[in-house]
Amino acid sequence: MSQQHDFDVVIVGSGAAGLSAALTLAPHLRVAVLAKGEISEGSTAWAQGGIAAVLEPGDTFESHVEDTIVAGAGLNDRRTVEFVVENAPAAIDRLAAMGVPFDEGGEAGWHLTREGGHSHRRIVHVADATGRAVQQALEQAVAARSNITLVPDRAAIDLATGRHTVSGSGEKRAWGVYALDRRSGRVELFTARATILATGGASRAWLYSTNPKGSTGDGIAMAWRAGCRVANMEFNQFHPTCLYNHDVKNLLITEAMRGEGGHLRLPGSGHRFMPDFDTRAELAPRDVVARAIDHELKRLGLDYVHLDISHRDRDFVLAHFPTIAARLAEPDVGIDITREPIPVVPAAHYTCGGVMVDLDGRTDLDGLYAAGEVTMSGLHGANRLASNSVLECLVFGVAAAEHINGSWDDLLTPPAIRPWDESRVTHSDEEVVVHHNWREIRRFMWDYVGIVRTTKRLERALNRVALLRQETEDYYGHFRVTADLIELRSLVTVSELIVRSALTRQESRGLHYTLDYPELLPEAKDTVLVP
């Protein structure tokens, strides 16, 4: 029998979206925040750049809205963009009140930096480690709230829905989540009147990724299996500059380095190639920069290109990029960025699509909300504007919590839910299957569903993912769940959603670029998949 824990609200995910929601929920509600690993292990703490908000005299909400829609190639929902942009300054004020030590300076009170795609300086930051400071402040605030229970080392498996009730009612409603206690190996049931998915994205579906290991699309996969629509999964952002190193993986080199004068050059010749592709050069939006690098890598058979800021003054570089300079100077990398270039490759970075939500963070399932990278809110469209990601987490985490507070009397008490049944499964003696399939997915997604796509490659990927889905479901049905198996099952599901979405879109827009349909269609339409 699985152990059952009863709460008022269960939040799956402990980054900016999940913790913002927890802090906004009414203080009398009993709240559980589940984390797959440690509480601070999610993507938020990895965010280097900053958070976008209109704070500078002369900047306007309208300008931030337009920049977001230009980056999103017109696929954004203008209402959502306006909602997030207008709530951004208040989100910054809340973080500052919690003690986030944003760099100071300028008329706005904060030092504002500018990143690709922005028409003004509007990025507040804590040197080059903003996410870590935000995560720490949110965790400290949560620790002071006696109604919030942090539950680390729980890998969510599936939502508890109407079909899991003892009565077998089958209604489209979420009643909490089944999760694996990674230490004991036992599955537990967390029940709640409202459940919030704040599980992040799916960038670990690709071979090269800037994301932490846990970014396997669990929330997207769980919501899809539970009957929620998913949209725009073909739009995965590839960060143009991830450190290329055989031993050190997932080290992102912030966009701000190009914003402060870093040049992209070809190894050997030292040719600065971005002006050949775009008049904005290194300040072009991420998709343009990533495609240009991809083009040069394929054209010349290179493993990497160089990002070079060594022409700037040494003190300037060390003041702006202290964390990156110190990390790259360590013996396992051994690069002095004030004197030499950094080898970089593009890497999967951010999932623009996801579970469809409204402005209150509500999904298609009653009692189920979602916030942050797991969602498709309409904010990002076909490409996310730099530093709008943590912002979306902060705004929608609060919006979901406020809707739960305001409609608490309408949220029903959970009925009896069936415990997790392990009576017909055994311990696996074939873990190699899980690890092989994991490697295979990430390889074919990188080769066939990468930065530049073709219909033939996508069809190959769809054939492979269908085989892997069959194998994985068969394995899942016979053996006890492990954290690796849960993540593999999620990766198989989201990879299929990504490939199906990419095949559906017969145009090139934003992050989805296909050689078979290089033109932009006149009408911008979301790709909506229905379970």
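A cavity is a set of points, on a 1 Å grid over the protein atoms alone, where a 1.4 Å probe fits but cannot get out, and its lining residues have an atom within 4 Å of a point. Grid points are joined across faces, edges and corners, and a volume is the space filled by probe spheres set on the points. By this rule, 3 cavities of 30 Å³ or more are counted. The model is predicted, so that local features need pLDDT of at least 70 and side-chain atom pairs count only at pLDDT 80 or more, while totals for chains, interfaces and linings use all residues. Residues are numbered from 1 along each chain as its sequence is written, and side-chain values use heavy atoms, with hydrogens and water left out.

**Cavities**

- The largest cavity has a volume of about 60 Å³, and the residues that line it are Ala71, Gly116, Gly117, Glu255, Pro285, Arg286, Asn383, Arg384, Leu385 and Ala386.
- Its lining has 4 nonpolar, 3 polar and 3 charged residues, where Ala, Val, Leu, Ile, Met, Phe, Trp, Tyr, Cys and Pro count as nonpolar, Asp, Glu, Lys and Arg as charged, and the others, Gly among them, as polar.
- The second largest cavity holds about 40 Å³ of space, and its lining is made of Asn236, Phe238, Asp287, Ala290, Arg291, Ile451 and Leu511.
- Two or more residues of that lining come from each of β13 (236–243) and α8 (286–300), and α8 gives the most, with 3 residues; helices (H or I, at least four residues) and strands (E, at least two) are DSSP runs, numbered from the N terminus.

**Nonpolar cores**

- A nonpolar core is a set of buried Ala, Val, Leu, Ile, Met, Phe, Trp, Tyr and Cys residues joined through side-chain atoms within 4.5 Å, and buried means under 20% relative accessible area (1.4 Å probe, protein chains only).
- The largest such core has 75 residues, of which Val10, Leu197 and Met445 touch the most other members, and helix α14 (residues 483–504) gives the most to this core, with 11 residues.
- Leaving aside neighbours within four places in sequence, Met445 is in contact (heavy atoms within 4.5 Å) with Ala205, Trp206, Gly450, Ser495, Ile498 and Val499.
- Another core, of 53 residues, lies apart from the largest one and includes Val31, Val142, Ile148 and Ala400.

**Helix α4**

- The buried residues of α4 are Thr130, Gly131, Ala133, Val134, Gln135, Ala137, Leu138 and Val142, and among the elements that cover them are α1 (16–24), α3 (78–97) and β7 (148–151).

Technical notes: 1 Å grid on protein atoms, 1.4 Å probe; cavity = no way out; pocket = protein on both sides within 12 Å on 5 of 7 lines; lining within 4 Å. Buried < 20%, exposed > 50% of the residue type's maximum accessible area, 1.4 Å probe, protein only.
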